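Subject: Structure for you to look at

Hello,

Here is the structure I said I would pass on. Please open it next to this email and follow along.

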Amino acid sequence: QVQLVESGGGSVQAGGSLRLSCAVSGYHYYTSLIYCMGWFRQAPGKEREGVARIDGDGSTSYADSVKGRFTISQDNAKHTLYLQMNSLKPEDTAMYYCAASTTNCYDMNYWGKGTLVTISS
């Protein structure tokens with residue numbers, strides 16, 4: 001139905017930047033139903049948490065821990081979601097997942113497999 005493939009993860013030093021991408025593909029009928037997309041992350045030994053999301057109206061929301069440092073955006077023509085991450089901290093180390101929902105921003109029904117971000121001090 002809908003496939004999400006993340007890329008752009010890697011290892012950088014604290015203070016550095018990374019840009020994650022999430023390529024959206026699938027049958028047009030299903031991709032056209034996507035209302036909200038977001039980025040989530042899960043650090044070792046911790047629960048998954050929401051990082052940023054963008055809804056069908058273009059409204060964005062961020063976790064307090066990343067406000068002012070991360071920016072979520074989307075290129076509808078390229079069917080791609082982005083997460084620009086600046087001023088990275090070691091606590092940002094996690095597996096980052098892209099997700100999409102056809103209903104609302106709280107019930108993601110499509111998930112990517114993740115891309116690993118490692119920040120060294």
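A charge counts as sitting over a ring if NZ of Lys or CZ of Arg is within 6 Å of the ring centre and within 35 degrees of the ring normal. Arg-48 lies over the face of Trp-111 in this way, 3.9 Å from the ring centre. Please keep in mind that this is a predicted model.

The aromatic pair

The structure holds 1 aromatic pair. Phe-40 and Trp-111 form this pair, with 4.8 Å from centre to centre and 55° between the planes, and the pair is tilted. Phe-40 belongs to strand β4 (residues 36-42) and Trp-111 to strand β10 (residues 110-111), so the pair ties together parts that are 71 residues apart in sequence. Are the two residues buried or exposed? Phe-40 counts as buried because its relative accessibility is 17%, and the cut-off for buried is under 20%. Trp-111 has a relative accessible area of 31%, so it is partly exposed.

The sheet

Next comes an open sheet of 4 strands, in the order β1-β3-β8-β7, with antiparallel pairing. Its edge strands are β1 (2-7) and β7 (70-75), and each of them pairs on one side only. From one strand to the next, the twist averages 15°. Strands of a sheet pair through backbone hydrogen bonds, either parallel or antiparallel.

You can walk across the sheet pair by pair:

- β1 is joined to strand β3 (residues 18-26) by 6 bridges, and the two run antiparallel. Here Val-2 stands opposite Gly-26 in β3.
- β3 pairs with β8 in the antiparallel sense, over 6 bridges. Leu-18 stands opposite Met-85 in β8.
- β7 and β8 are also antiparallel and pair over 6 bridges. The bridge partner of Gln-74 is Leu-81 in β8.

Ser-87 is in the loop between β8 (80-85) and β9 (94-101). Its phi is positive, about 50°, although Ser-87 is not a glycine. Ser-87 counts as partly exposed because its relative accessibility is 40%.

Leu-88 is in the loop between β8 and β9 as well. With a relative accessible area of 2%, Leu-88 is buried. What does Leu-88 touch, not counting residues up to four places away in sequence? The list includes Val-12, Ala-14, Leu-18, Arg-69, Phe-70 and Ile-119. Leu-88 and Val-117 are 29 residues apart in sequence, and their C-alpha atoms are 9.9 Å apart in space.

Which side chain makes a polar contact of 2.8 Å with the side chain of Asp-92? The partner is Arg-69. Leaving aside neighbours within four places in sequence, Asp-92 is in contact with Arg-41, Arg-69, Phe-70, Ser-87, Val-117 and Ile-119.

Two of these lists can be read together.

Regards

How values were computed: Residues numbered from 1 in each chain as written. Predicted model: local features only at pLDDT ≥ 70, side-chain atom pairs only at ≥ 80, totals over all residues. Heavy atoms only, no water. Buried < 20%, exposed > 50% of the residue type's maximum accessible area, 1.4 Å probe, protein only. Pairing = 2+ DSSP bridges. Axes fitted to C-alpha atoms, helices over the stretch in contact; angles between N-to-C directions. Phe/Tyr/Trp six-rings, centres within 6.5 Å; stacked < 30°, edge-to-face > 60°. Contact = heavy atoms within 4.5 Å. Polar contact = N/O pair within 3.5 Å; in protein donor to acceptor, adjacent residues only side chain to side chain.
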